Amino acid sequence: MIYSYYPGCTLKTKAKELDIAARRCAESLGVTLEELPQWQCCGGVYPQVKDEIATRLSAVRALVAARDKGQTLVTVCSACHHVLKRTNEDLKTDGNFRDKVNRYLELEQPYGGETRVIHYLELLRDDIGFDKIKAAVQNPLNGEAVGAYYGCMLLRPGKQMGLDDPENPEVMEKLLEALGAKPVVYAMRNECCGGYQTVTNPAFAQKKAEAVLHSASARGADCLITACPLCQYNLQKTDGGVPTYYFTKLLAKALGVE
């Protein structure tokens with residue numbers, strides 16, 4: 001299986017471990033991730049102003065590149081996935097936005113949201129399958145108590161993102177079970193950690209992160225996993241007694257991938 005791959009800026013710098021482990025685990029599972037050539041930063045934040053076009057054009061270029069290769073577009077970063085998926089939905093449903101984008105980019109073949117955009121977790125669940133992943137495990141996590149932290153952008157808005165139930169998700173818990181871990185379900189797993197406030201209002205961000213960590217700790221979690229570099233940064237720097245890792249790190253550990 002061959003997919004177009006959008007790593008995003010942070011996965012080339014501070015979050016290299018998330019990227020490297022994702023690539024190597026994919027290879028071990030028979031999946032090739034072909035990084036898009038000349039990709040640009042997605043902007044990191046989906047613009048809420050309906051007529052804002054310019055800040056979404058880099059996402060459109062990535063979507064068009066995957067369409068032209070005839071491949072599904074995979075991302076690992078929650079923020080990148082959020083921007084790409086929502087921009088793609090805008091192109092499907094908003095004729096005015098679609099018309100302006102195609103005129104601006106002067107595309108030979110107009111783009112209308114044809115690319116399938118998925119998160120790496122969907123690749124594992126829907127295209128590879130957790131049964132195959134379980135069969136590939138070389139180093140089971142032996143009942144380690146792990147809490148999945150979803151955060152804000154991976155699940156919401158539920159109708160547009162479509163990854164899982166935004167109120168009661170289970171994709172990461174099912175992955176943890178396949179890896180031999182004991183999933184810990186806790187109340188704050190899909191609440192905001194305050195990551196976007198970590199520079200402008202660090203006290204607020206710390207308060208939000210502490211609430212997440214204390215919620216997980218109270219339920220017996222030894223550690224947390226996440227797909228968001230900003231969440232990982234904010235939770236990891238907060239002293240809550242529960243370390244936070246990228247989910248691909250535990251995946252690589254279980255699969256025996258260096």
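Start in the middle: the largest nonpolar core has 88 residues. Such a core is a set of buried Ala, Val, Leu, Ile, Met, Phe, Trp, Tyr and Cys residues joined through side-chain atoms within 4.5 Å. Buried means under 20% relative accessible area; exposed means over 50%, and partly exposed lies in between (1.4 Å probe, protein chains only). Select Tyr120, Leu124, Ile133, Met172, Leu175, Phe247 and Leu251, the residues with the most contacts inside this core. Now colour helix H2, residues 57–69, which gives the most to the core, with 7 residues. Helices (H or I, at least four residues) and strands (E, at least two) are DSSP runs, numbered from the N terminus. In soluble globular proteins, nonpolar side chains tend to be buried together.

This is a predicted model: local features need pLDDT of at least 70, side-chain atom pairs count only at pLDDT 80 or more, and totals for chains, interfaces and linings use all residues. Residues are numbered from 1 along each chain as its sequence is written, and side-chain values use heavy atoms, with hydrogens and water left out.

**Stop 1: Ile133**

Which residues is Ile133 in contact with, leaving aside neighbours within four places in sequence? They are Leu29, Leu124, Ile128, Leu175, Leu179, Leu251 and Leu255. Contact means heavy atoms within 4.5 Å.

**Stop 2: the sheet**

Show the strands E6, E5, E7 and E8. They form an open sheet in that order, with parallel pairing. Two strands pair if DSSP finds at least two bridges between them. Look at strand E6 (182–184) and strand E8 (244–246), which stand at the edges. Each has a single partner strand, so one side of each is left without a neighbour in the sheet. From one strand to the next, the twist averages 40°.

Zoom in on strand E7, residues 223–226. E7 and E8 pair in the parallel sense over 3 bridges. Pick Thr226: its bridge partner in E8 is Tyr246.

Helix H10 (residues 229–236) lies across E7 and E8, running at about 160° to E8. Helix H11 (residues 247–255) packs on the sheet and touches E5, E7 and E8. The direction of H11 makes about 70° with that of E8. For these angles, axes are lines fitted to C-alpha atoms, for helices over the stretch in contact, and angles run from 0 to 180 degrees between N-to-C directions.

**Stop 3: cysteines**

How many disulfides are there? The count comes to 0, where a disulfide is a pair of cysteine sulfur atoms within 2.5 Å. Select Cys41: its nearest cysteine sulfur, that of Cys9, is 3.6 Å away. Cys41 is partly exposed, at 40% relative accessible area. Move to Cys192. Its nearest cysteine sulfur belongs to Cys152, 3.6 Å away. Cys192 is partly exposed too, at 30%.

**Stop 4: Lys208**

Lys208 touches Cys192, Cys193 and Gly194, not counting residues up to four places away in sequence. Draw a C-alpha to C-alpha line from Lys208 to Gly151: they are 57 residues apart in sequence and 11 Å apart in space.

**Stop 5: backbone details**

Find Pro157 in the loop between strand E5 (145–148) and helix H7 (158–161). A cis peptide bond joins Arg156 and Pro157, with omega about -5°.

Go to Gln38, in the loop between strand E2 (32–35) and H2. Gln38 is not a glycine, yet its phi is positive, near 55°. Is Gln38 buried or exposed? Gln38 is exposed, with a relative accessible area of 81%.
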